[in-house]
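These are my notebook entries on one protein chain. I set down what I looked up, one topic at a time.

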Amino acid sequence: MRAEVSRKARADSERNRRRIVEVARRGFAVEGIGLPMREIARRAGVGAATLYRHFPARPDLLDAVLAEQVAACREDVRNALADPDPWRALSAIMRQFGERQVRDRDLNDVLLGSHPDAEAFAEERREHTRSLDALVRRARAAGAVRPDLATEDVRVGLMAIASLRGLPPDRAPVAVRRLTELLLAGMR
């Protein structure tokens, strides 16, 4: 009986942790990383003590949220590298990046900018760059993109997409999608 209670407590604790991270991700993405911890606890439906038991300080919670963002990007890149169609793989990465710029606005500022917490993910960003290079080389070799397309060209395009995340939330999604499609058309 004691083991069953302990398992249930661990399951509840893990469920609370996942809920806190998800609520924080959405809140940080839209309202910024200054969203009060007590507000995150309230939105997650847990007490402040529960939040602080899992995340003693804001940087701990921010790191957990950023780690999930990086893991999702890693999975996107892994899927693209596994896709046998070089054009579909490269264009999927561009579109997914654009979607993240709209959905996770303020989090991307932290992850891609000069925020101190971004440094912890520097190696992952370098790995994403190497993977992007592989996707571009593969698309070029298959004749799916312009023969003169360089990885740096794609990176400049990604920076242009990222620059649109500062648009008002009602305009950003359309602008990001349009720019992404224009960039993809220019790469073909």
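**Entry 1: helix H8.** I began with the face of H8 that is turned away from its buried side, and there I found the exposed residues Met 159 and Ser 163. I note here that the model is a predicted one. I then listed the buried residues of H8, which are Thr 151, Val 154, Gly 157, Leu 158, Ile 161 and Ala 162. These residues lie on the same side of H8, because they cover an arc of only 145° around the axis. Next I asked which helices are included in what covers the buried residues of H8. I found helix H5 (86-103), helix H7 (122-141) and helix H9 (172-187) among the cover.

I also checked the length of H8, which has 13 residues and runs from residue 151 to residue 163. From its first C-alpha to its last, H8 reaches 18 Å, close to the 18 Å expected at 1.5 Å a residue.

**Entry 2: Asp 76.** I located Asp 76 in helix H4, which spans residues 58-82. Is Asp 76 buried or exposed? Its relative accessibility is 15%, and the cut-off for buried is under 20%, so Asp 76 counts as buried. I then looked up the contacts of Asp 76, leaving aside its neighbours within four places in sequence. The residues in contact with Asp 76 are Ile 93, Gln 96 and Arg 100. I also took down the distance from Asp 76 to His 128, which is 10.0 Å from C-alpha to C-alpha. In sequence, Asp 76 and His 128 are 52 residues apart.

**Entry 3: aromatic rings.** I searched for aromatic pairs and recorded that the structure holds zero of them. I did record a charge over a ring: Arg 188 lies over the face of Trp 87. The distance from Arg 188 to the ring centre of Trp 87 is 4.3 Å.

**Entry 4: the whole chain.** How many helices and strands are there in the protein chain? I counted nine helices and zero strands. Read from the N terminus on, the elements run α-α-α-α-α-α-α-α-α. The protein chain has 188 residues, of which 38% count as buried. I recorded an accessible surface of about 10500 Å² for the protein chain. Carbon and sulfur atoms account for 54% of that surface. Last, I considered the contacts in the protein chain with a separation of 6 or more, and residues 24 or more positions apart account for 68% of them.

Terms used
Residues numbered from 1 in each chain as written. Predicted model: local features only at pLDDT ≥ 70, side-chain atom pairs only at ≥ 80, totals over all residues. Heavy atoms only, no water. Phe/Tyr/Trp six-rings, centres within 6.5 Å; stacked < 30°, edge-to-face > 60°. Lys NZ or Arg CZ within 6 Å of the ring centre and 35° of its normal. Helix = DSSP H or I, 4+ residues; strand = E, 2+ residues; numbered from the N terminus. Buried < 20%, exposed > 50% of the residue type's maximum accessible area, 1.4 Å probe, protein only. Contact = heavy atoms within 4.5 Å. Areas by Shrake-Rupley, 256 points an atom, 1.4 Å probe, with all protein chains shown as cover. Expected span 1.5 Å × (residues − 1). Arc of directions from axis to C-beta.
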